[in-house]
Amino acid sequence: MGTGKSHWGKLWAAANKLTFVDLDELIENAEKTTIAEIFDTKGEDYFRNLEKEVLRKCGELENTLIACGGGTPCFYENMQWMNDHGVTIFIRSKPVEIFNRVMEEKDKRPLLKKLNEEELLFYIEQKLKEREPFYSQAQIKVESDSLNENSFAEIASAIHQ
């Protein structure tokens with residue numbers, strides 16, 4: 001969440017002639033509603049199961065860069081599945097960097113919209129600690145503050161060595 005997965009994914013895909021897919025957008029299109037609405041009306045369990053199903057369908061795609069939601073790796077063995085079916089990249093960010101990014105779109109994020117600033121920063125810190133065991137399984141780890149338009153070419157060359 002808020003690490004730049006969609007931002008960098010779109011830029012990197014365009015620069016490298018790949019298709020870009022945002023998993024949350026696929027889910028919203030399939031359900032014909034927003035992620036926030038899915039959480040509000042059907043709950044997180046429903047969403048996570050749907051997320052898993054949509055992710056698995058992405059296994060048929062080729063030459064595609066997929067941005068998944070921050071929680072995706074943490075449920076239904078999704079991280080293992082992603083590692084088995086592609087190359088995973090974890091974009092690591094400091095909590096305060098994530099805080100600054102998500103404050104602008106807090107209302108669009110179902111798990112954040114009711115939190116004040118102090119609660120939000122604490123929530124981000126806790127989620128990062130909670131999710132670290134899953135994120136640490138990514139095949140490639142990069143720091144968000146060191147990324148640029150050419151970063152993916154460097155990542156790709158490391159993959160092919």
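Which residue lies over the face of tyrosine 76? Lysine 52 does so, at 4.8 Å from the ring centre, where a charge sits over a ring if NZ of Lys or CZ of Arg is within 6 Å of the ring centre and within 35 degrees of the ring normal.

This is a predicted model, in which local features need pLDDT of at least 70 and side-chain atom pairs count only at pLDDT 80 or more, while totals for chains, interfaces and linings use all residues. Residues are numbered from 1 along each chain as its sequence is written, and side-chain values use heavy atoms, with hydrogens and water left out.

Tyrosine 76 is placed in the loop between β2 and α4, where helices (H or I, at least four residues) and strands (E, at least two) are DSSP runs numbered from the N terminus. Tyrosine 76 has a positive phi of about 50° although it is not a glycine. Asparagine 63, which lies in the loop between α3 and β2 (64-67), has a phi near 50°, again a positive value in a residue other than glycine. As background, most residues other than glycine have a negative phi.

| Residue | Relative accessible area | Class |
|---|---|---|
| Arginine 48 | 5% | buried |
| Alanine 36 | 13% | buried |
| Tyrosine 76 | 39% | partly exposed |
| Asparagine 63 | 57% | exposed |

Arginine 48 is found in helix α3, and, not counting residues up to four places away in sequence, it touches Phe39, Gly71, Thr72, Phe75, Tyr76, Leu111 and Arg131, with contact meaning heavy atoms within 4.5 Å. Alanine 36 also has its place in helix α3, and the C-alpha atom of alanine 36 is separated by 6.5 Å from that of lysine 108, although the two residues are 72 residues apart along the chain.

Helix α3 also packs with other helices. The axes of helix α2 (residues 23-31) and helix α3 (residues 35-57) come within 10 Å and cross at roughly 115°, where axes are lines fitted to C-alpha atoms, for helices over the stretch in contact, and angles run from 0 to 180 degrees between N-to-C directions. The helices α2 and α3 are therefore roughly perpendicular to each other, since angles under 35 degrees count as roughly parallel, over 145 as roughly antiparallel, 65 to 115 as roughly perpendicular and the rest as oblique. Residues making this contact include Leu23, Leu26 and Ile27 of α2 and Ile38, Tyr46 and Leu50 of α3.

The axes of α3 and helix α4 (residues 78-85), in turn, come within 11 Å and cross at roughly 5°, which makes α3 roughly parallel to α4. Here Glu51, Lys52, Leu55 and Arg56 in α3 meet Asn78, Trp81 and Met82 in α4.

Finally, a search of the whole structure finds four aromatic pairs, counted when rings of Phe, Tyr and Trp (its six-membered ring) have centres within 6.5 Å, with planes under 30 degrees apart called stacked, over 60 edge-to-face and the rest tilted. The rings of tryptophan 8 and tryptophan 12 have their centres 5.9 Å apart and their planes at 25°, so this pair is stacked. Tryptophan 8 and tryptophan 12 are four residues apart in helix α1 (residues 5-15), which means that about one helical turn separates them. Both tryptophan 8 and tryptophan 12 are buried, and together with Phe152 they form one aromatic cluster.

Notes. Buried < 20%, exposed > 50% of the residue type's maximum accessible area, 1.4 Å probe, protein only.
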